[in-house]
Amino acid sequence: MNPAERPLIEVRDLVKVYRTGDVELHALDGVSFSIDRGEFVAVMGPSGSGKSTTMNMLGCLDSPTAGEYFLDGRNVAALSGDDLAEVRNCGLGFVFQGFNLLPRLDALGNVALPLVYSGVGAAERRERAVTALERVGLGDRLHHRPNQMSGGQQQRVAIARALVGRAPLILADEPTGNLDTRTSEEIMDLLVEVNGEGKTIVLVTHEPDIAEYAKRVLHFRDGKLAKDEKKTAGSARTRQGTCSLAGIQTQGGGARSALGFAGPPETPDVLNERVQGTRPLPGFGAEPHDFSGEEVLR
Ligand SMILES: Nc1ncnc2c1ncn2[C@@H]1O[C@H](COP(=O)(O)OP(=O)(O)OP(=O)(O)O)[C@@H](O)[C@H]1O
Ligand SMILES: [Mg+2]
């Protein structure tokens, strides 16, 4: 199939079973869907219905118990640690409800950090981080630390961090969950703008007002996809970002392994730390990832 025509995301019969002692919990129970390039998809459903579990699979932060996930035509289960690290670093950007910024780093350092892992040189890291922060309206907050910024500003830093790798796919798990209505609207306007530039957006939300921004809603219930609601036909844009998954094979340096991961299920906090690079990863040595701002930018 022509790469431009195949779905960006395709999951087939995804199953995720969590075992706690003798108890098995089917967090996902046979979920199948595909998402094309340029789509803006909201994921909705009651608490515990499997939304975050799905997002963690799509973000390659966790692996399914059964089923298949093809990201840009590549079988994620078959990727090596290095390839998986590159997909996470360059193929997608993840935005969390709790922002998950490193408290010791300023906005610039937080946004530049993913580029350390993809082997981008210091001058370019700085330039791209500044551009990404200007893009989200924070050009005047480069040196503010997370605790010196409002919730909306922190979330915009998190979005800048997701954009800085120029990934074609942005995954956001309740990005407005901690924000007031007006700030939520600002964040959504930003995501709509980014979608208009051709990026694919998948966003979890509990709020119907937020889901209104999406062109399609996947409704989850009890670990199953209960409804796939397409609001408008043919409105998805297909323009691609600058860092396509097809291109990532040729990118990256030695540090790219730092985000590699294949292992047992872990708590969201652990997963978040992996994305931030603050937690050593199994199989890649005890790298502390205790970066100072200078290390990130120099
Ligand atoms: N690491 C884990 N170990 C055991 N059970 C888990 C784990 N992570 C999630 N679960 C369970 O899997 C189910 C789905 O969880 P998930 O986080 O995907 O729900 P959700 O739809 O995102 O809910 P919410 O809207 O509350 O965020 C829940 O019943 C949850 O308790
Ligand atoms: Mg959740």
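I began with terms: strands are DSSP runs of E with at least two residues, and helices are runs of H or I with at least four residues, both numbered from the N terminus. I call two strands paired if DSSP finds at least two bridges between them.

I noted that this is a predicted model, where local features need pLDDT of at least 70, side-chain atom pairs count only at pLDDT 80 or more, and totals for chains, interfaces and linings use all residues. Residues are numbered from 1 along each chain as its sequence is written, with chains lettered from A and ligands numbered from 1 in the order in which they are written.

**Hairpin.** I looked up β9 (residues 216-221) and β10 (residues 224-230), which pair in the antiparallel sense over 6 bridges. F220 has L225 in β10 as its bridge partner. The two strands form a hairpin with 2 residues between them, and D222 in the turn has a positive phi of about 50°.

**Sheet.** Next I found an open sheet of 4 strands in the order β2-β1-β4-β5, with antiparallel pairing. Its edge strands, β2 and β5 (74-75), each pair on one side only. β1 and β4 (residues 66-71) share 5 bridges, and R12 stands opposite E68 in β4.

**Ligand 1.** I then checked which residues come nearest to ligand 1: of the 14 around it, they are Y18, A27, S47, S52 and T53. Here, near means a C-beta atom, placed from the backbone, within 6 Å. β1 (9-20), β2 (23-35) and α1 (51-58) each supply at least two shell residues, and α1 gives the largest share, 3 residues.
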